[in-house]
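User: I have a chain open on my screen and would like to go through it with you, a piece at a time. Could you start with a residue that you would pick out?

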Amino acid sequence: MAPGSRPGRIDVVDRVTELALAARDGNRHALEEFVRVTQRSVWLLCRHLGDPDTVEDLVQDTYLRALRSLPRFRNDGPARAWLLRIARNTCADATRSRIRRRRRMAEGEAPDTPVVSGSWEVVEDLLRGISAERREAFVLTQFVGLSYAEAAAVAGCAVGTIRSRVSRAREDLLALLDDETRGATGSSG
C-alpha cells in the first residue's frame, strides 16, 4: 500500500475514477467529462433494468443521486462500478414504485402494453421474460460491456455468481426465442 493510503482504497486509478475524484474535489470540467464518458453505460443499464418509457428520467435520477453522493465517494473501487450501482438502485426503486402503483389500481384498470414489432422490441420482450437478476447480469456484461468482475461489483455479488447468471440468462433467452419461433410458425412439440 502506498504511504498515506487508506485501507481498502484503490491506488491504481482508471480514467473514470480520476474524473470522479476531480469532480468530487470541485473540478466542473471533470464533472462534465465524467457524465459524458459514463452516460452511454448508464443509459443502457437503465434502458434494460428499468421501464423503457422512462429511461431518460431514470438516467437523470441516477446522475442526481450520484451528484449528491459524490462528496462521499471514497475511491474504494472503480467510479464506473459505483455509478452503475447507483443506476441499478435507481431502476430498482422505480420498479418497486411502479409495482406499488399497479397494486393500488383495480385489477382491470391497468392498461395493456401494446406489442410493437421490430428487432429491438423483440430483444426487450425476451429480456423481460427472464429473472431480474439474470437480466441485470446479462445487460451489464453483454450490453454495457463490463467485465464479470465489474458487473459483480455493480450487482454486489461474487464473480462466479455473475458468470452463472449470464450463462443461465443465455439459456433462458435461447429457450424463449425457441418458444417464440415455434409459436410464430404454428408448430408444436
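Analyst: This is a predicted model, and I would begin with N75, which counts as buried because its relative accessibility is 1%, under the 20% cut-off.

User: Where does N75 sit in the chain?

Analyst: N75 belongs to the loop that runs between α3, residues 55-69, and α4, residues 79-104.

User: And what is its phi like, positive or negative?

Analyst: The phi of N75 is positive, near 65°, and the residue that has this value is not a glycine.

User: OK, stepping back, how many helices and strands does the chain have?

Analyst: There are 8 helices and 0 strands in the chain, and, read from the N terminus, the order of elements is α-α-α-α-α-α-α-α.

User: Let's go to a helix pair. How do α2 and α6 pack?

Analyst: Helix α2, residues 28-49, packs with helix α6, residues 132-143, at an angle of about 150°, and their axes are 10 Å apart. Because that angle is over 145 degrees, α2 counts as roughly antiparallel to α6, and the crossing of the two is right-handed.

User: Which residues meet there?

Analyst: From α2 the residues are L44, L45, H48 and L49, and they meet R135, E136, V139, L140 and F143 of α6. Sorted by class, this contact has 6 nonpolar, 1 polar and 2 charged residues.

User: Which residues of α6 are buried?

Analyst: In α6 the buried residues are R135, E136, A137, F138, V139, L140 and T141. Among them, R135, E136, V139 and L140 also take part in the contact with α2.

User: And what comes after α6?

Analyst: After α6 comes G145, with a positive phi near 90°, and the loop between α6 and α7, residues 148-155, also holds S147.

User: Is S147 buried or partly exposed?

Analyst: S147 counts as partly exposed, because its relative accessibility of 33% falls between the 20% and 50% cut-offs. Its C-alpha is 9.4 Å from that of V159, a residue 12 places apart from S147 in sequence.

User: Last one, R165: where is it, and what does it touch?

Analyst: R165 is in helix α8, residues 159-185, and, not counting residues up to four places away in sequence, R165 touches E133, R134, A137 and C157. One of these, A137, is among the buried residues of α6. R165 is itself buried, because its relative accessible area of 17% is under the 20% cut-off.

Key. Residues numbered from 1 in each chain as written. Predicted model: local features only at pLDDT ≥ 70, side-chain atom pairs only at ≥ 80, totals over all residues. Heavy atoms only, no water. Axes fitted to C-alpha atoms, helices over the stretch in contact; angles between N-to-C directions. Helix = DSSP H or I, 4+ residues; strand = E, 2+ residues; numbered from the N terminus. Parallel < 35°, antiparallel > 145°, perpendicular 65-115°, else oblique. Left-handed = near helix turned anticlockwise from the far one by under 90°. Contact = heavy atoms within 4.5 Å. Nonpolar A, V, L, I, M, F, W, Y, C, P; charged D, E, K, R; others polar. Buried < 20%, exposed > 50% of the residue type's maximum accessible area, 1.4 Å probe, protein only.
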